[in-house]
Each structure stands twice: as C-alpha cells, then as structure tokens.
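Biologist: I would like to learn how to read a few features from a model. Please take me through them one at a time.

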Amino acid sequence: MNDEDVSFEIKRQSLSSPPPRPSTKLPFSVGEERGDGCDVFSGRWVWDDDHRPLYEESECPYIQPQLTCQEHGRPDTDYQHWRWQPHGCSLPSFNATLMLENLRNKRMMFVGDSLNGGQFISMVCLLHKTIPHRATSMTSNGSLTDYNATIEFYWAPLLLESNCDDAVAHKEIRDRIVRNDSINKHGEHWRGADVLVFNSYAWWVNGLEFKILKRGKFEDEERDIVEMPTERAYGIAMESMLQWVKESMDPTKTRVFFISMSPTHGHSKEWRGNADGGNCYNETRMIEDPNYWGSDCRKSVMSVIEEVIGKWKVLITFLNITRLSGYRKDAHVSIYKKQWRALTPEQLANPTSYSDCVHWCLPGVQDTWNELLFTKLFYP
C-alpha cells in the first residue's frame, strides 16, 4: 500500500432504513449489551472450510500488491480458512448491509500505520462483496461524498506529528522523532468522523529510547530534543490521543476504537525455543500452544496501553487483537508480495532475509479484526 490518505466511497444504495435504536444504546449499536460476560478476545482458531475466506483475493480490486500473497506465488491457502471462536460464545456474522446502512451519510476513518491500512483494505473488501462494483470508487485524496458512507484511511504512524509523516519519504527514516503536544496537527483531519479506529505501535519499536522534539523543526541542526524511554514516549502519545478524543468526539453520537499491537513473527526462537535464525518464512501452521505470548516487548507495550486507557474516563473501545493474532505465524505476507526494490543474489539465496513478518495476507487475519470491530460496534 502506498501509505497515503485514501477513501472508499459508497454511492447511493437502495437499501432499507435500519430499525430505530433506543437512545440508551451506544451509537451505532443494534444489539443488546452483552450480559453473558463473554470475552470475545479469548478463544481459539477453528478450521472453517464452509465460510472462509469471507472474500476471494482475486475478487477485491482494492487489495494493494503488498498484501496479495496468492498473486505473488504463495502456494498454500490454509491461512485463509481459519475462524476465530471465542470461548463460551460466537461472533455475530459480519453484515455488510447493516454496516453500510448505519454509516449512511457518515464517515468511518482508520488512523495509524500500514497495519491499520491493511485493516482498512480488509473492511473495504468485506463491504465490496455486498455492493455493486459500479457503486464504489477508491480515491487517493481523502475526498468525501455528500451522502452515504465513506471509509477512509489516514496515515499517522505515530499519531503525533513526526518526521515520518510523509506518506512516501518516510521509508528511509530510521531516527524517528515526534513533536511534543502536536496531536492537533493530524487531529484536524479526523474531526467530523463518526467512527474512528486508531492504531499505533510498530513505528515506536525502534530502540530503548525515543526522541521528542520540544522546539524547532525536524530538519533544524539546532533544535531542542529530549530522549526518553520508548514506553514513556508511547504513553505520552496515547494520552494525547485520548485527550483529543475527549475534547473532539461526542460520545453520544460517535464511536472510537483503539486496536492493540499487531504481533510480528520475526524470530522463530520465540515459538521453537532455539536460535535457528528463522522467522515466518515457510511457516504454514499456526502456533498451537494456548499459552504462547511472544516477546516481553509485547507485554510491556500492552501494559502501557491498558494502563493509559484504564485511567482515562473516555469512552473508547479497546480491541485486543494481540494474543489471538500472535498464534498466526502462518498468515504473514512473508516473501509473497510486490518487492519495491530488486533483490540481491544474497537475499534470493536466503528468503528469511527479506521475508515480511509484520504485515498480513488478505484475505486472512485482519478480516477477523474487522469481525471483532463489527461485533463491538453493533453488539457491544
């Protein structure tokens, strides 16, 4: 995906109006609030050859070449046929018509990095199956229509203003810096959204310390920069986001979600217990150990998210996709994507050296993230 702001516009549809919602329900919800105590994020993956995948890769023209694993030679399709089954309950079936009707005349915006961009594309594909092709259009400038639904993606990998905000030029930046108290730089573009889906994690994991720009410009030779532990800087960004939500979003009319960290599978020693130098390359089976968690880094960052969200009195729904996605070492794009640069002979001789163990094939795991988003949006 070119990491630019894109929107998916749904033209006028002849769909019936949704049933009226009691005023006591959360915005967009149509089902009763869950009273069974079921944790939809705790469960197991089950094989489902009847209903999976939810769409075909070849049928969705919006999947970017970084995520089209079949087109780029992946020989197996098993990763497409797993369904998430919570303990003690089941997820409601994704209903694209219900989603579109409740987003009529509204905006749904995914904000974050390329992983959130992948979830955005997954949502577009899930909706695309239901509506006529002639009724949709993908734009690259974030333009909106005057009616019906618009699904958008906004590139802001660190949420705060940063030196990584250029949608193309960020790829070469290794020394990442964010500006202190700068949430409104991007936040001005989020205003007016009816559903906001945030994520931010991958771009923070760049070392033990992170740089905060207090004064000056990113490119200045003389500038006021403070270095602090990454977890502390990440916490500041989370608090800035929640402060913005508190000041800018009406909880009686809008919904805000935060997607927890997307796990990577870059070191097979995490699940095999040895230092063989492997990663997700050539992995076609998921991790079956129900107690598997992954690196300690995941635990520490997750604790920051949970602590910050827990202490703020802001109505935000936390979608904990980390543990369930952590089992899925089989579902990354690995080497099966468009390579933007020619591979060297050394790389070609060692596929693990260029295997992408961060992003996910579509259809796949990120469709489940959207099923969970759908569940919490309509059946909280």
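Biologist: Are α2 and α9 roughly parallel or roughly perpendicular to each other?

Modeller: Two packed helices are described by the angle between their axes and the distance between the axes. This model is predicted: local features need pLDDT of at least 70, side-chain atom pairs count only at pLDDT 80 or more, and totals for chains, interfaces and linings use all residues. Residues are numbered from 1 along each chain as its sequence is written, and side-chain values use heavy atoms, with hydrogens and water left out. Here the axes of α2 (residues 114–128) and α9 (residues 365–378) come within 9 Å and cross at roughly 75°. The two helices are therefore roughly perpendicular (65 to 115 degrees).

Biologist: Which residues of α2 and α9 meet?

Modeller: Contact means heavy atoms within 4.5 Å. From α2, L115, G118, Q119, S122, M123 and L126 meet Q366, D367, W369, N370 and L373 of α9.

Biologist: Is R176 buried or exposed?

Modeller: Buried means under 20% relative accessible area, exposed over 50%, and partly exposed in between (1.4 Å probe, protein chains only). R176 is buried, and 55% of the 380 residues of the protein count as buried.

How values were computed
Lys and Arg count as positive and Asp and Glu as negative; His and the chain ends are not counted. A salt bridge is a side-chain nitrogen of Lys or Arg within 4 Å of a carboxyl oxygen of Asp or Glu. Axes are lines fitted to C-alpha atoms, for helices over the stretch in contact, and angles run from 0 to 180 degrees between N-to-C directions. Helices (H or I, at least four residues) and strands (E, at least two) are DSSP runs, numbered from the N terminus. Angles under 35 degrees count as roughly parallel, over 145 as roughly antiparallel, 65 to 115 as roughly perpendicular and the rest as oblique.
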